[in-house]
Amino acid sequence: MSWIREGELNLLEKISANILMAGPMPKHVAFIMDGNRRFARKKKLERHDGHMQGFNKLAETLRWCKHLNIPEVTVYAFSIENFKRSKEEVDGLLDLARQKFERLLEEQENLEKHGVCIRVLGDLNMLPLDLQEVIAKAVVMTKNHNKCFLNVCFAYTSRYEITNAVREMAWGVEQGLIKASDVSEALLSECLYSSNSPNPDLLIRTSGEVRLSDFLLWQTSHSCLVFQSVLWPEYSFWNLCEAIVQYQLNHKSIQKARELHREEQALQQLEADCACIAEHLQHQGNGKPADAQRRQEALQHYTVAREERVQDFLQALKHKRDTFFTNLCSETVLT
Amino acid sequence: MALLYGLIWRLLLALVRIKRATVSWLRVRLRTWKGSFWQRTMAALLLPVPVSEFKQNKAGANQSSDGDDDGKGAGSRRSRWISDGISLEKLPVHIGLVVAEEELSYTDIANIVVWCMAVGVSYVSVYDHHGIFQKNNSSLQEEIVRQQHNLLGGDDSTFNMELLKNGSDKPQHFVVSCRPIVKVLSPEDGKHSIVQAARKLCHSVEKKEWSSKDISVSVLDILLRGLTLRSYAPVL
């Protein structure tokens with residue numbers, strides 16, 4: 001079945017959508033699509049069929065999000081922890097992924113028409129090479145689309161993502177692109193797999209489990225978390241509306257918390273820069289305390305230099321990541 | 001048309017807020033209602049998740065509400081809480097409290113901490129968004145000690161727990177002395193501590209003591225738990 005569902009909302013759905021869109025809407029929604037196996041047990045199906053139904057529900061949810069003007073969706077498709085499941089189930093899931101990504105490649109025109117950009121986030125090195133190649137093709141094919149964005153977390157856990165970001169910053173230090181003192185919360189965020197997306201406004205977990213399961217822990221520190229008891233394959237438009245209403249009820253307090261956090265971050269960065277300047281001037285100076293004007297000038301220069309270093313590093317990182325995908329694509333051309 | 005939708009949206013949110021306020025008002029009233037059948041019915045209607053009953057206290061419970069044992073003393077309270085903890089299928093090892101209230105109540109938080117410890121939870125962490133508990137750490141610790149005396153009696157911070165094995169021929173007594181650990185956290189212990197750990201690692205890389213390839217989830221984990229880098233050398 002296709003990734004893209006055509007079709008409009010029915011009248012009642014359209015009216016409800018218009019009512020909701022009168023208020024603040026989330027620009028980025030993340031889903032933990034939990035409940036496929038329980039659904040299969042409930043309907044006396046095979047586990048594999050449960051996962052298939054789960055994928056179909058994903059396609060439908062994307063259609064609803066498009067009609068609700070939600071441009072970005074992130075989904076938790078496969079956790080690194082899932083590798084611990086039985087070989088049969090893991091192989092089944094990887095096969096399903098292979099099928100779906102291959103299907104995606106056939107829908108190139110449709111994806112272009114709707115402007116869908118697909119990104120896959122995770123430690124893709126853990127996947128079999130052929131799956132990596134199919135994923136790379138899908139990502140490269142839709143790279144320049146910019147109407148809506150689907151981020152699929154595959155072979156992903158938040159701790160691996162954060163560790164990888166720290167490793168990338170250490171690589172930047174090794175290459176002489178940045179200094180260790182340039183490390184900050186903002187820089188770490190830019191090194192995450194999800195650096196091309198804003199943080200999710202709303203995180204929805206289905207099937208009634210109330211836990212985060214190592215998903216987007218860094219990015220959802222100031223997001224609205226909604227836990228719904230419906231199983232993922234049974235998710236409906238009204239469940240989505242309910243979650244959006246929760247977001248709208250908490251919108252103001254979340255915005256306030258985000259603003260406070262931004263101010264604190266800016267203050268911390270300023271303090272860090274001042275500390276670096278103080279150290280630098282101490283080394284340069286001859287025991288006399290530097291005057292305020294000299295300190296101010298030094299601070300400005302330092303900040304500009306730091307920002308330039310950081311930009312160069314981020315460009316190099318982006319190039320490294322793009323090369324990873326294009327190399328995988330060219331390998332399939334050669335074979 | 002947009003104006004109409006806007007009005008309906010405002011009405012919808014107002015209705016949801018009224019429903020929430022009514023539900024929390026009813027929940028408060030519910031506590032004063034005696035009669036377990038009525039309590040269970042209202043709980044089923046109003047609570048979003050089912051509350052599991054303690055199997056041991058189901059039949060022949062002599063103390064069904066807190067109001068009854070006001071005069072019975074700390075000792076019976078403690079043994080009741082300990083047996084409640086034992087009768088649970090699973091007990092969390094570590095409970096985290098995220099306190100989002102506008103006005104912080106040290107007594108209420110101290111009570112929750114003492115109950116957690118009495119039931120057998122080994123670690124309790126308390127967090128608030130402005131770091132107020134951390135700034136007034138000593139006041140909170142004093143309040144916890146005070147509530148320990150009020151609710152549990154006994155000496156300062158060690159609890160003796162007697163665990164009776166159910167269903168065996170001879171009851172076996174395991175006396176466990178557990179000293180629960182309470183941590184008070186603030187936003188600095190969140191992302192900020194990860195950034196500090198990252199900076200430490202990058203400094204080591206700058207000094208050529210470590211390579212970026214040495215950085216793994218377990219290395220970062222150890223660093224965050226407070227051990228120094230030098231005591232964990234990379235395997236070359």
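User: Hi! Which residue in E2(B) is the bridge partner of Ile95(B)?

Analyst: Val124(B) is the bridge partner of Ile95(B) in E2(B). Strands here are DSSP runs of E with at least two residues, helices are runs of H or I with at least four, and both are numbered from the N terminus. Before we go on: this is a predicted model, where local features need pLDDT of at least 70 and side-chain atom pairs count only at pLDDT 80 or more, while totals for chains, interfaces and linings use all residues. Residues are numbered from 1 along each chain as its sequence is written, chains are lettered from A in the order in which they are written, and side-chain values use heavy atoms, without hydrogens and water.

User: Thanks. How many bridges link E1(B) and E2(B)?

Analyst: Six, and E1(B) runs parallel to E2, residues 123–128 of chain B. Two strands count as paired if DSSP finds at least two bridges between them.

User: What's the strand order in that sheet?

Analyst: E1-E2-E5 in chain B, an open sheet of three strands with parallel pairing. Its edge strands are E1 (94–99) and E5 (181–185) of chain B, each pairing on one side only. The twist averages 15° from one strand to the next; axes are lines fitted to C-alpha atoms, for helices over the stretch in contact, and angles run from 0 to 180 degrees between N-to-C directions.

User: Which helix packs on it?

Analyst: Helix H5 (residues 106–119) of chain B, which touches E1, E2 and E5 of chain B. Contact means heavy atoms within 4.5 Å. The direction of H5(B) makes about 160° with that of E2(B).

User: Over to chain A. What's the strand order there?

Analyst: Six strands form an open, parallel sheet in the order E3-E4-E2-E1-E5-E6 of chain A. The edges are E3 (116–121) and E6 (224–227) of chain A.

User: And where does Ala30(A) sit?

Analyst: Ala30(A) stands opposite Leu203(A) in E5(A).

User: New topic: how many residues meet between chain A and chain B?

Analyst: 36 residues of chain A are in contact with 29 of chain B. The buried area is about 2,900 Å², with 71% from carbon and sulfur atoms. That is the accessible area (1.4 Å probe) that two parts lose on being put together, summed over both.

User: Which residues form the salt bridge there?

Analyst: Glu185(A) and Lys191(B), with their closest N and O atoms 3.8 Å apart. The rule asks for a side-chain nitrogen of Lys or Arg within 4 Å of a carboxyl oxygen of Asp or Glu, and it finds one such bridge across this interface.
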